[in-house]
Structures are given as structure tokens and as C-alpha cells.
Amino acid sequence: MKVLLLGLGGMLGTDMGLELGRRGHDTVIPPISELDITDPASVAKIAAGELGRFDWCVNCAAYTLVDKAEAEQQLAYEINALGPSYLAKICALSGIRLLHVSTDFVFDGEGERPYVEDDPTKPLGCYGRTKWQGEQAVLEGHSNAIIARTAWLYGPNGNSFPRTMIRAWEAGKTLRVVGDQIGSPTYTGDLARVLTDMIEKNAFPGIYHTAGPDAMNWCEFAQIAVDEWATLTGKPALDKIEAIKTEDWPTPTKRPKYSVLSFEKTASLGIEPMRSTREAVVEFCHRLQELQAATA
Ligand SMILES: NC(=O)c1ccc[n+]([C@@H]2O[C@H](COP(=O)([O-])OP(=O)(O)OC[C@H]3O[C@@H](n4cnc5c(N)ncnc54)[C@H](OP(=O)(O)O)[C@@H]3O)[C@@H](O)[C@H]2O)c1
């Protein structure tokens, strides 16, 4: 398969590039200086064949600063909504299938069972709203596109939540973590495997939920990350992390209280669910340690 991958250097983009390469796909990953999704002239290079000929375009490029988005609404809109609309139209015109990555933040979090793909959306803030607008633009612009919503993403190549927890713990800080928001932690290595499976299976167009299998709160997730890091590094394990309430950790953007995503529709394609959070965190910790050693 010939794949154009966008989001070079990003948390998911990095692992997606590794996975596509490992599985022998011919992948082009242009830097933003070569392909800026917010610039129509730049996106038009795809139709002109300037970057090569492709079967698939995978869009991992996004504006992901959830809180900062409230102050940078225009920029978030351009990257999360306008960019995907240009990509969808150009890919449709060029006969390239589009796999666009989206988020659990399109939901308001008032649900009480895992969200399925056609549950009503109601984003709570600018980031979720612009990602939802991006989804709509992709569905309108490309009848053969796939939207893969994921959640609570973490990987070694970025400032993810478990990394922040590990750093804070190593710096001797007392950890107090929100315990009343529930979601599905998703490891970038596992998501890259699932997204590549979708491409190889030539999945039907439409929206799919692609998140990890465990439902937990942030405090439980932090505990797993710190426990596994302690095991790996041989440091004494931490006592129980203190769970706090959302109102004790105010943020500019309200987060969904519950945003577990059902994997059922994706599994119906014959795709294996991701491994447990603990197993994935073990691999995450190993890779984080290797990266730290390489940059020390
Ligand atoms: N992180 C999460 O917890 C989470 C949760 C659910 C869903 N998601 C979704 O998962 C996807 C991947 O997220 P991520 O955390 O891997 O994102 P990320 O680490 O923030 O990476 C995003 C990438 O997009 C690039 N980019 C920004 N503007 C661009 C433009 N105009 N043209 C081309 N590239 C551009 C960035 O480049 P620069 O670094 O040079 O700006 C960066 O490499 C996104 O769709 C996100 O919405 C993320």
C-alpha cells in the first residue's frame, strides 16, 4: 500500500509511521513545511502528484492543546476543521482513501455506557467542537473516508498524561489526580496497529471507535503508570495516589465526565481489540526509558 501520512513528529504520527514501515507499506511523511493542511495550495500538491501517488492518506495532524484552544479558536478551527475539509476534497478528487483521526471530546460525557459511533455528539469546548467540525467536513467531502475516534492517547513521543505523572513522581511531588472522570487510555503503538489493520482490511467508510479496552479514571491510570515505572527502574513503589474531584482541579475547558468508547464496530471488521492498559503501559515505560537514555 502507498500511504501519505500527516502528523510527522506528533505522538500518534510517530508510531503510525513506525507501524506502516514495519508492515512494509511504502509511506511518505512530509514535514509541515512541505505539506501544511491549512494551506489549500499546499494540499493541492496531493492532487498534482507532487509527493507521489497514494492509496491512502492518514491524517494524524491536529491542534491538540485542549485548554489553549479556547484562546486560539481560529488556529484550532483552521487545523482541526478547515485542514481536514481541504484534505477530504483533494483526496476524493484524487481517488485516495482518507483515514482521519478524531476524538472522544465530540461527546459531552453524560453517557453511562460505552459510546457507539452514532450516539449524539455534543462537544463541550473549542477543541472538541473543531474536531467535530473536522469530522463533518470529512464525511461531506469524501464518501469513502474513515474517521477513527480515539481517546486518552499516550505514547513515548509527546507530553502525555502518564509521562507527566512519572516526571512529577520522580521530582518528588505529591500526586493528587482527578478520580471522577472515566475514559479509555489508548497507547499510540496499539492504535497504530489497529489503524493499519483498518487500512489493510480496506474497511468500509464511516466512523469507528478505536480506543483501549479498559475503562478507568485518571487516578487509576496514574497509579498504573507510576507502579510500572517504579518496577522498571527499581525504585520503591508509591502508596496509593490521592484521588480528587474535578472541581478541585479546575481547567479552562470542561472535560467529558465519561467518555469510554465501544470497540464493537471496529471488532466487527475482524480487528483484535487492544491489549490491557497495564500491558501497554509496560511497553510505554520501556520505550520512554530508551528515549531518555538516547537523549541523556
Ligand atoms: N492526545 C490525545 O489525548 C488525543 C485524544 C483523542 C484523540 N486525539 C487525536 O489523535 C490525533 C493525534 O493526536 P496527537 O496527540 O498525536 O497529536 P500531536 O502530538 O499534537 O501531533 C499533531 C501533529 O500535527 C502537526 N500539525 C499541526 N498543524 C499542522 C498543519 N497545519 N499541517 C500539518 N501538520 C500539522 C503537528 O506539527 P507541529 O508539532 O510542528 O505543530 C504535530 O506533529 C489527533 O487527531 C487528535 O485530535 C488525541
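Visitor: What radius of gyration does the protein chain have?
Guide: For 296 residues, a compact globule would have a radius of gyration near 19 Å, so the chain agrees with that expectation. The radius is taken over C-alpha atoms, and the globule rule is 2.2 Å times the number of residues to the power 0.38. The value for the protein chain is 19 Å.

Guide: The model is predicted: local features need pLDDT of at least 70, side-chain atom pairs count only at pLDDT 80 or more, and totals for chains, interfaces and linings use all residues. Residues are numbered from 1 along each chain as its sequence is written.

Visitor: Which helix gives the most residues to the shell around the ligand?
Guide: The shell holds 27 residues, a residue being near if its C-beta atom, placed from the backbone, lies within 6 Å. Two or more residues come from each of helix H1 (11-22), helix H3 (73-94) and strand E4 (97-103); helices (H or I, at least four residues) and strands (E, at least two) are DSSP runs, numbered from the N terminus. With 3 residues, the greatest contributor is H1.

Visitor: How are helix H5 and helix H7 oriented to each other?
Guide: The axes of H5 (residues 161-170) and H7 (residues 218-233) come within 9 Å and cross at roughly 60°. Axes are lines fitted to C-alpha atoms, for helices over the stretch in contact, and angles run from 0 to 180 degrees between N-to-C directions. Angles under 35 degrees count as roughly parallel, over 145 as roughly antiparallel, 65 to 115 as roughly perpendicular and the rest as oblique. H5 and H7 are therefore oblique.
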